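Subject: Handing over the two-chain model

Dear colleague,

Here is the structure I promised to pass on, with the sequence alongside. My notes on what turned up in it follow below.

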2 protein chains.
Amino acid sequence: MIKVKGFKFSGISCGLKKSGKKDLGLISSENICTTHAVFTKNKVVAAPLIIGKEILKKNLVKSIIVNSGNANSCTGKNGIKATNEILKKIAKETNLKPSNYFPSSTGIIGVDLDYKKINKSIPNLVSSLDGKSYRDFAEAITTTDQYQKYSHSKLKIGKNTYNFLGIAKGAGMIHPNMATMLCFFLTDLRINKNVLRSLINEATSNSFNSISVDGEMSTNDTVIALSNGAGGEEILTKNHKCLPKVKSITENIFYTLAKLIVKDGEGATKFCRINVVGAKSERSANQIARKIANSLLFKTALYGSDPNWGRIMSAIGASELNEIKQNKIDISIGNSMVVKKGIASKRKGLVTESRRIMKKSEVEIKINLNIGKHSSFMLTNDIGNNYINFNSFYTT
Amino acid sequence: MIKVKGFKFSGISCGLKKSGKKDLGLISSENICTTHAVFTKNKVVAAPLIIGKEILKKNLVKSIIVNSGNANSCTGKNGIKATNEILKKIAKETNLKPSNYFPSSTGIIGVDLDYKKINKSIPNLVSSLDGKSYRDFAEAITTTDQYQKYSHSKLKIGKNTYNFLGIAKGAGMIHPNMATMLCFFLTDLRINKNVLRSLINEATSNSFNSISVDGEMSTNDTVIALSNGAGGEEILTKNHKCLPKVKSITENIFYTLAKLIVKDGEGATKFCRINVVGAKSERSANQIARKIANSLLFKTALYGSDPNWGRIMSAIGASELNEIKQNKIDISIGNSMVVKKGIASKRKGLVTESRRIMKKSEVEIKINLNIGKHSSFMLTNDIGNNYINFNSFYTT
């Protein structure tokens, strides 16, 4: 049984989803937490993010309240009012302050959030809190997700065992009117604020910021970490001998959740990791990996299991980086080198071999630019007919 | 009958296309031309572009030789050799120098160009030259195009009438292994070199550089203008009273050709112009128009005739421009304002009305940022199941 000391969870239905499925979740800590959050870079931002950013500055967060079914985005003053009313209500119900709660929403954009439905269900939400109900919470935050997403790890420091739990939602930002990427990371290890900041920023950049389903970003994307110290006396500072272990645990949890999101992309049949090595900088390696991951022509070739390396070459060139030397580029599909020094390998049987690799459910593509020592990667999936069907006929 | 004085055309089959369709074209001027060219920004560049750029520096171009069926891209030293052999052969055949010829190729990437097939057909290509055969040439440069693309205009200056002809190919860069954007612009008016440069650069930026089918750019994209002065004594300099008229003619021809390319996007069912107004700069307006035009979620909504303005709002925000004020944004679909000051218009019947507009074969979207006086636009099309089918199962 997964537990994170001092944290309780609940997930219920309040009626925002017409299907009657769970759509309201709560995480509550017994102590005030050390927090750090990363938000969407989209300049159009939902009401809960505007309010949530202010709340974080007060350093009083104990709990998180999340609804699915409505993103409360592009809702103007009504949206701000809705989130504030919810916070007021739950604060009153629990004898806390609104600033003890961090708000979050996911779902349709541009429709007023019916906060009265939420407020009516708050007593039930609060009374359902339980140390074991993390799966109810995980279910309550889903929208177009086909499965719940969580990942857990433990670490023994001294005589105590500390817990780390990540719960996420997102079906690859494929459906931003309905979906968004949210991640809630909880630990009962007390982590110093600055250490937590760098841990979360780094883990986010190597996971959620390295995925591409269709190159879109939502107005609600949020990663938030809560550390409550309920697991013991230990405090993780920047010189603590266990910092590398905690860093590795955090990164593994984030990477696992990011992979689950990419795999859950609607209509996706394949998961693909794109590794770019031999670049002049990590930044340029990432720029190229991103260009390929966002290339519709690459993604359709992936769908069709077509080892179409010309599209990869073209996407590399489209990054417009001046340092690229086209006659130095090597491209491998799995372990099969299809391009050497910018031209097609003419090895016999290569096309059959690379086509067989492309047919697998997980495909790895490696690009060696052979001009430097830096590398980066992106996680992506294919785009096929189901993507089109999901996204063309959604009724506004 | 369209004619441009002093120019002859031919278009024949040399066997590069397995279908036996025309795949080799020639444009030949009686005089040495003033030239200016704009090339792909892709850093992976095909052999004919590498050689063509050097040839242009010599200012000796009289003719253009183009093959379709093979892009001669990602072909290394073999590719350079192939283009040089073709230029040597045609120069010999016509008693000219290789540097009198500008080379161009379009078609599959990464496959060695069988230049011997071309060279064998050069005598036939040259003997087929004719002042009226521009349509044969237009046909010979097509790849996945469903129709030939050309646009013509005339202008009387003094007692002479001067001609302007643009011939293009491209099915929206939808299939870069097979397609590319090429445009050949010919005039019998003598245009000063610097004037020609600015005319072509501006017209390109408002046409071919403002189209997006899938956000891809090919390794072969080329726009080249040839002015031979065969129409009369007039020389168009920067202070010539007819410069505004020639500018307008050039821009109209380029815009017409760009629109024909977007409409010919494989699987495309709709043409869409995205206008961004009220921006702080033309650059930022263009950045936003481009973000929407490249948004797969917008393009699938267009395909499904879904007035899904949340996706437009999200794409605007995804441009990451700091100056955006989400509560000032207005969005119109056709004449129907769906978003006012960042929130949904609640006017009765609006959804039905905007859905009706979205169902048309040409859709105009207007975004007013209401923060400045600058504007820009993009031309795009929808992406539907036929796009996926065309691009997933192409056999490498």
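How many Å separate the centres of domain 1 of chain A and domain 2 of chain A, taken over C-alpha atoms? The answer is 33 Å, with the domain assignment placing domain 1 at residues 7–263 and domain 2 at residues 271–392 of chain A. Please keep in mind while reading that this is a predicted model, and that the values here are computed from it.

Chain A as a whole

Chain A contains 11 helices and 18 strands. Its radius of gyration is 22 Å, close to the 21 Å that the globule rule gives for 396 residues, so chain A is as compact as a globular protein of that length. Along the principal axes, the C-alpha atoms of chain A fill a box of roughly 70 × 55 × 35 Å, and 59% of the 396 residues of chain A count as buried. Of the contacts in chain A between residues at least 6 apart in sequence, 80% join residues at least 24 apart.

Helix 1 of chain A

Helix 1 of chain A covers residues 47–57, and its buried residues are A:Ala47, A:Pro48, A:Leu49, A:Ile51, A:Gly52 and A:Ile55. These buried residues pack against strand 3 (34–39), helix 2 (76–93), strand 5 (101–108) and strand 11 (222–227) of chain A. Just after helix 1 of chain A comes A:Asn59, which takes a positive phi of about 55 degrees.

In soluble globular proteins, nonpolar side chains tend to be buried together. In this model the largest nonpolar core has 237 residues, and of these A:Ile312 and B:Ile312 touch the most other members. If residues up to four places away in sequence are not counted, A:Ile312 touches A:Ile292, A:Phe298, A:Ile331, A:Ile365 and A:Ile367.

Strand 14 of chain A (residues 330–333) pairs with strand 15 of chain A (residues 336–340) in the antiparallel sense over three bridges, and A:Ile333 has A:Ser336 of strand 15 as its bridge partner. The hairpin formed by strand 14 and strand 15 of chain A has two residues between the strands, and A:Gly334 in this hairpin takes a positive phi near 60 degrees. Strand 15 of chain A also pairs with strand 16 of chain A (residues 343–344), again in the antiparallel sense and over two bridges, with A:Ala344 of strand 16 as the bridge partner of A:Val339. The hairpin of strand 15 and strand 16 of chain A likewise has two residues between the strands, and there A:Lys341 takes a positive phi near 50 degrees.

B:Ile90 lies in helix 2 of chain B (residues 76–94), and it counts as buried because it has 24 C-beta neighbours inside 10 Å. B:Ile90 and B:Ile118 are 28 residues apart in sequence, and their C-alpha atoms are 9.8 Å apart in space.

Where the chains meet

The contact between the chains takes 52 residues from chain B and 52 residues from chain A. On the side of chain B that touches chain A, helix 8 (296–303), helix 9 (309–317), strand 16 (343–344) and helix 11 (385–392) of chain B each supply at least two residues, and helix 9 of chain B gives the most, with seven residues. By class, this side of chain B has 22 nonpolar, 23 polar and seven charged residues.

With best wishes

Terms used
Residues are numbered from 1 along each chain as its sequence is written. Chains are lettered from A and ligands numbered from 1 in the order in which they are written. Helices (H or I, at least four residues) and strands (E, at least two) are DSSP runs, numbered from the N terminus. A residue is buried if 20 or more other C-beta atoms lie within 10 Å of its own, exposed if 12 or fewer, and partly exposed in between; C-beta atoms are placed from the backbone. Two residues are in contact if their C-beta atoms, placed from the backbone, lie within 7 Å. Ala, Val, Leu, Ile, Met, Phe, Trp, Tyr, Cys and Pro count as nonpolar, Asp, Glu, Lys and Arg as charged, and the others, Gly among them, as polar. The radius of gyration is taken over C-alpha atoms; the globule rule is 2.2 Å times the number of residues to the power 0.38. Domain bounds come from an automatic or database domain assignment. A nonpolar core is a set of buried Ala, Val, Leu, Ile, Met, Phe, Trp, Tyr and Cys residues joined through C-beta atoms within 7 Å. Two strands pair if DSSP finds at least two bridges between them.
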